[in-house]
Amino acid sequence: VVGICSGLVTNCENYGKLSTTISFAQNHTGGIAGLVYGIHGQVTNCVNHATVQGYLYVGGIAGAVKSGAEVLTSANYGSVRGNGGIGGIAGRLSSAGVYSDGTAKQAVIRNVYNLGNVDGFGTSIGHEIGGIVGEMGYDQWKQEVLPPMPVLEHAYSAVVFNRSDYSYWGCAIGYLKSGAYGTIYALADAKGSLRPVGAVTNRGTTILGESRMVKEDELKSAA
């Protein structure tokens with residue numbers, strides 16, 4: 001729908017297809033917005049049904065959500081494929097924005113769900129891959145001391161990961177560097193071997209509520 005959203009995108013649905021053969025040029029690819037950016041950037045009440053394929057930071061709704069932007073009350077039904085930073089809702093959820101008075105505004109994803117498959121493409125198995133967010137937290141290593149604390153809450157994913165060779169993957173969050181999360185659910189497999197949050201650097205984490213794997217009937221009731 002849009003390449004970069006620094007304002008408001010609302011009440012949109014995408015039924016098209018997003019892909020390219022130029023893999024290294026495919027940063028920030030999303031079913032609704034490639035990049036949701038800045039304190040006024042917001043995607044709300046949007047749905048993606050399309051297949052989304054990119055290279056780095058690929059998401060069903062947004063390729064990346066950063067600098068205080070928000071994705072609210074939205075859903076993805078389409079397949080999402082990429083090389084790294086791949087999420088059912090957003091490939092990356094990261095940095096904070098700053099108001100004119102110097103107050104920080106964290107990037108937020110809230111009240112979302114994903115029913116689309118998430119995977120690598122071509123010869124890539126995919127890394128930093130999550131049912132909701134692929135990578136969450138600071139953008140650069142120099143931000144480790146005072147990392148941004150993006151927020152992910154009230155979200156669920158019905159993706160079933162059938163492969164164990166992904167690098168940095170979780171059924172809700174693939175790679176957690178820093179941030180606040182809670183009330184997130186993901187669909188459990190029959191063996192009970194999957195986990196909602198994958199690799200964790202944990203330079204700064206706040207738990208806002210439960211985060212767990214649930215069976216299909218419980219996931220429906222949570223929705």
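Predicted model: local features only at pLDDT ≥ 70, side-chain atom pairs only at ≥ 80, totals over all residues.
Side chains of opposite charge can pair when their charged atoms come close. In this model, the count comes to 7 salt bridges. One of them brings together Lys66 and Asp139, with 3.5 Å from N to O. Lys66 sits in strand β10 (residues 62-66), while Asp139 belongs to the loop between β20 (133-136) and β21 (151-157), so this pair ties together parts that are 73 residues apart in sequence. Lys66 has a relative accessibility of 15%, and because buried means under 20%, Lys66 counts as buried.

Another salt bridge links Lys105 to Glu70, whose closest N and O atoms are 3.3 Å apart. Here strand β16 (residues 104-105) supplies Lys105 and strand β11 (residues 70-76) supplies Glu70, so parts that are 35 residues apart in sequence get tied together. Lys105 is buried at 11% relative accessibility, and Glu70 is buried at 15%.

Then there is Lys177, which forms a salt bridge with Glu135, the closest N and O atoms being 3.5 Å apart. Lys177 lies in strand β23 (residues 173-187) and Glu135 in strand β20, so the pair ties together parts that are 42 residues apart in sequence. Lys177 is buried, at 7%, and Glu135 is buried too, at 2%. Through shared partners, salt bridges join Lys66, Arg92, Glu135, Asp139 and Lys177 into one network.

His28 is in strand β4 (residues 27-30) and is partly exposed at 27% relative accessibility. Asn45 falls in the loop between β6 (42-44) and β7 (47-48), and its relative accessible area of 36% makes it partly exposed.

How values were computed
Residues numbered from 1 in each chain as written. Heavy atoms only, no water. Helix = DSSP H or I, 4+ residues; strand = E, 2+ residues; numbered from the N terminus. Buried < 20%, exposed > 50% of the residue type's maximum accessible area, 1.4 Å probe, protein only. Salt bridge = Lys/Arg side-chain N within 4 Å of Asp/Glu carboxyl O.
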